[in-house]
Amino acid sequence: MDKFVINGPTRLTGEVTISGAKNAAVAIIPAVILSDGICRIENIPNISDVHIITQILYALGADIKRVNLNTLEIDPRNIHTTVVPHELAKRMRASYYLIGALLGKFNKARVSMPGGCDLGIRPMDLHIKGFEALGATVKTENAMINCTADNLIGSPIYLDMVSVGATVNIMLAAVKAYGLTVIENAAKEPHIVDLANFLNSMGADIRGAGTDLIKIYGVPKLHGTNYSIIPDQIEAGTYMVAAAATNGDVLVKNVIPKHLESISAKLEEMGVQVEEYDDSIRVISNGNLRRCNIKTMPHPGFPTDMQPQLSVLLSMAEGTSIVTENVWGNRFRYIDELRRMGMKAVVDGQVAVFEGGCKLTGAPVMATDLRAGAAMVIAAMAAQGQSEIENIYHIERGYENIVEKLTALGADIKRITVPDETPKAAARVS
Ligand code: EPU
């Protein structure tokens, strides 16, 4: 059980380079299944979620060559099974993209219900509605989702609520279907656009990605491609908030500033200086933070995946701030942990009220999910004294080289390997 040990307070200064987007990578890697040729994908973040999805493709029979730490060549032509067992699928949420990709390629998929962060109820009704609209029969038995189709046929599909996962999965299943599929009320996140660009680079005909109406004209065949994944919007936002929380001055490089507008706007509202350049953003804070309210929304609204990190900043600002979580039902669990560091907040259902002006102090805390863990790292760097963060595997699912990147900015952060304390391990040691 490894942990981070962080001594604060720190003032982050310097430059940090943002990695490729996790949520684009975990959609694009399964999308390779649809190709009839080799795909070379660059700017893949070297994180555990990517390792897991890559291992699943390997287990299905894909040939995978690691060109370098951030580039893979994947040849899907030897994939020999459409079954993804529980042992593989349970390890991450995005394993459900195997359903759309396998169904789209082979007209069948049998995939175990996915795992992933516990953010509240995570239904798949919209994914299933989409597969069925395309002509698939979907049955769930023994926690396996079983999809079969004679032929997939394009169809209009209205999403009752905006869902990133359903939009991705329907795109994957529809890209080779016969005729036109129209997704109405589609998600508009940057990684949706990135996936559409990737599929189009393989010969797909997808139009409108980035708007709420996506048209997919089915094509019979997709070929290999070379593609580079976009920078990670949430990793960038996390470093921006980290700079603001530590009175820092950080140039966040390799970003698409347009993807960060909702985050930049909130930081500016709080009195943080944000300077935008072509592919970088500089964040400067003098420590005088003003309160503000946040409501999380699908893109281009304020991202739920930045809510815990920004809430740390709100607890340090002058005045009381209100955060409304509109996407997930259970995304305030980190508050109980951060109370140990001095955060003051009251939670009522989907709303949390943060009392500002908290002087955070170091404490042992436990990452409850990926973004909660990122929030704890930020709090620990701003706090007086030493913090220990456990369950860092959550954080390492989504942040490449976080210790190295923060250390280069001046943080005092170490990753400590804690020996297993079970009697068996103890016996081995003695
Ligand atoms: N929903 C349904 N039915 C469905 C699908 C979703 O009711 O069939 C609901 C969910 O319960 C939720 C809302 O729709 O209330 C949005 O869920 P969405 O499907 O958009 O989420 P997701 O695809 O499971 C992705 C990201 C999450 C991110 C959300 C929202 C990936 C792999 N995951 O999840 O990222 O929070 O979109 O932006 O892309 C993270 O990176 O830390 C993370 C959790």
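## The ligand and its surroundings

A residue counts as near a molecule if one of its heavy atoms lies within 4 Å of it. In this predicted model, 25 residues are around the ligand. Those that come nearest are D125, S163, V164, D305 and V327.

V327 has a polar backbone atom 2.5 Å from an oxygen atom of the ligand. The backbone of G165 also supplies a polar atom, at 2.8 Å from a ligand oxygen atom. For Y96, the polar atom belongs to the side chain, and it lies 2.8 Å from an oxygen atom of the ligand. How much of the ligand does the protein bury? The ligand taken alone exposes 840 Å², and 91% of that is buried by the protein.

## Two packed helices

Two packed helices are described by two quantities: the angle between their axes and the distance between the axes. Helix α8 covers residues 233-245 and helix α9 covers residues 261-269. Their axes are 10 Å apart and meet at an angle of about 10 degrees. Angles under 35 degrees count as roughly parallel, so α8 is roughly parallel to α9.

Which residues make the contact between α8 and α9? From α8 come Q233, G237, M240, V241 and A244, while α9 contributes I263, S264 and L267. Sorted by class, this contact has 5 nonpolar residues, 3 polar residues and no charged residues.

## Backbone features in loops

One runs from G8 to P9, with omega near 0 degrees. P9 sits in the loop that links β1 (3-8) and β2 (13-17). The other joins H299 and P300, and its omega is about 10 degrees. P300 belongs to the loop between β18 (294-295) and α10 (307-316).

Where is N107 found? N107 is in the loop between α4 (97-106) and β7 (108-112).

Key. Residues are numbered from 1 along each chain as its sequence is written. This is a predicted model: local features need pLDDT of at least 70, side-chain atom pairs count only at pLDDT 80 or more; totals for chains, interfaces and linings use all residues. Side-chain values use heavy atoms; hydrogens and water are left out. Axes are lines fitted to C-alpha atoms, for helices over the stretch in contact, and angles run from 0 to 180 degrees between N-to-C directions. Helices (H or I, at least four residues) and strands (E, at least two) are DSSP runs, numbered from the N terminus. Angles under 35 degrees count as roughly parallel, over 145 as roughly antiparallel, 65 to 115 as roughly perpendicular and the rest as oblique. Contact means heavy atoms within 4.5 Å. Ala, Val, Leu, Ile, Met, Phe, Trp, Tyr, Cys and Pro count as nonpolar, Asp, Glu, Lys and Arg as charged, and the others, Gly among them, as polar. A polar contact is a pair of N or O atoms within 3.5 Å; within protein, one must be able to donate a hydrogen and the other to accept it, and residues adjacent in sequence count only if both atoms are side-chain atoms. Accessible areas come from the Shrake-Rupley method with a 1.4 Å probe; for residues, only the protein chains shown count as cover.
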